Amino acid sequence: PELAETHLSLGWVLAGTFEWEAGERAFQRSLELNPNLATGYIASAWLHAVLGRFEEAVATQKKAIALDPLGLLTNTDAGFWLWVAGRYDDAMAQLRKALESDPNHARALFLYGWAALGKRDFATAIDYFRRAKAIEPIWIGGGLGYAYALAGERAKAEAELRLQLLPKDFAHKCVCGCARAREASTGKEVTTMTRKSKCGCGCVASSKGSAKRPNSKTKKAGK
């Protein structure tokens, strides 16, 4: 017999190889077989959002919430889709429900910060990013630096975005960023121990995970 979970897993495999239509059909089939499969609606909502169908993602996620109203994942994802849809107040309300289940859930705190940024509530955004960073310091730091930059706190932004220390297994990557009004950049991966590459903000990223600004006065080797 066909199993809803089998089609759900197939949908994730297909979506993972960018076969969007086939993936969507697999997700839909899983829900035909089991209309009460909350994870099927979560998966479908994710795919809708990936394809830019944000309001459809929100509507689909609501079906997951109806089946799992207290679920941390269902409420966090719902807040995510509301945020990308530009519905910042609704996103914050939804994320508050997620945080009622787990006040220390880094992803929910992080998304709440982004929703607050959408409302240009910099103080709230910084507060939530700081709380999230205390839990997940590696990937949250950029959001906090970005919030500081938008708030006009350049020194704090640069402190967050420049020369971030990474664990050894990430040492071949540069995580830098110049405090800009509208963007923060992440360094490109360096594949050898001697090679250097330029990351998005124009700094020179070394294979040891450090980053420094190119010195215009420095002459090229051999000249």
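**Close-up views of a predicted model**

**View 1. Buried residues of helix H8.** In H8, the buried residues are Phe-122, Ala-125, Ile-126, Tyr-128, Phe-129 and Ala-132, where buried means under 20% relative accessible area, exposed over 50% and partly exposed in between (1.4 Å probe, protein chains only). The model is predicted: local features need pLDDT of at least 70, side-chain atom pairs count only at pLDDT 80 or more, and totals for chains, interfaces and linings use all residues. Residues are numbered from 1 along each chain as its sequence is written, and side-chain values use heavy atoms, with hydrogens and water left out. Helix H8 covers residues 122–135, 14 residues in total, and spans 20 Å from its first C-alpha to its last, close to the 20 Å expected at 1.5 Å a residue; the expected span is 1.5 Å times one less than the number of residues. Helices (H or I, at least four residues) and strands (E, at least two) are DSSP runs, numbered from the N terminus. An α-helix has 3.6 residues a turn, so residues three or four places apart point the same way.

**View 2. The packing of helices H7 and H8.** Helix H7 (residues 106–118) packs with H8 at an angle of about 160 degrees, and their axes are 8 Å apart. Axes are lines fitted to C-alpha atoms, for helices over the stretch in contact, and angles run from 0 to 180 degrees between N-to-C directions. The two helices, H7 and H8, are therefore roughly antiparallel to each other, a term for angles over 145 degrees. On the H7 side the contact involves Ala-106, Leu-109, Phe-110, Tyr-112, Gly-113, Trp-114, Ala-116 and Leu-117. These meet Phe-122, Thr-124, Ala-125, Tyr-128, Phe-129, Arg-131, Ala-132 and Ile-135 of H8, contact meaning heavy atoms within 4.5 Å. By class, the contact of H7 with H8 has 13 nonpolar, two polar and one charged residues; Ala, Val, Leu, Ile, Met, Phe, Trp, Tyr, Cys and Pro count as nonpolar, Asp, Glu, Lys and Arg as charged, and the others, Gly among them, as polar.

View 3. Although Arg-120 is not a glycine, its phi is positive, at about 60 degrees. Arg-120 is partly exposed, with a relative accessible area of 47%.

**View 4. Phe-18 in the loop between H1 and H2.** Phe-18 lies between helix H1 (4–16) and helix H2 (20–33). The phi of Phe-18 is near 65 degrees, a positive value in a residue other than glycine. With 62% relative accessibility, Phe-18 counts as exposed.

**View 5. Arg-130 and its contacts.** Arg-130 is found in helix H8 and is exposed, with a relative accessible area of 52%. Leaving aside neighbours within four places in sequence, Arg-130 is in contact with Leu-144 and Tyr-148. Phe-110 is 20 residues from Arg-130 in sequence, and their C-alpha atoms are 8.8 Å apart.

**View 6. Ala-43 and its contacts.** Ala-43 lies in helix H3 (residues 38–50) and, at 0% relative accessibility, counts as buried. Beyond neighbours within four places in sequence, Ala-43 is in contact with Leu-8, Trp-12 and Phe-27. The C-alpha atoms of Ala-43 and Gly-23, 20 residues apart along the chain, are separated by 9.7 Å.

Note on methods
Parallel < 35°, antiparallel > 145°, perpendicular 65-115°, else oblique.
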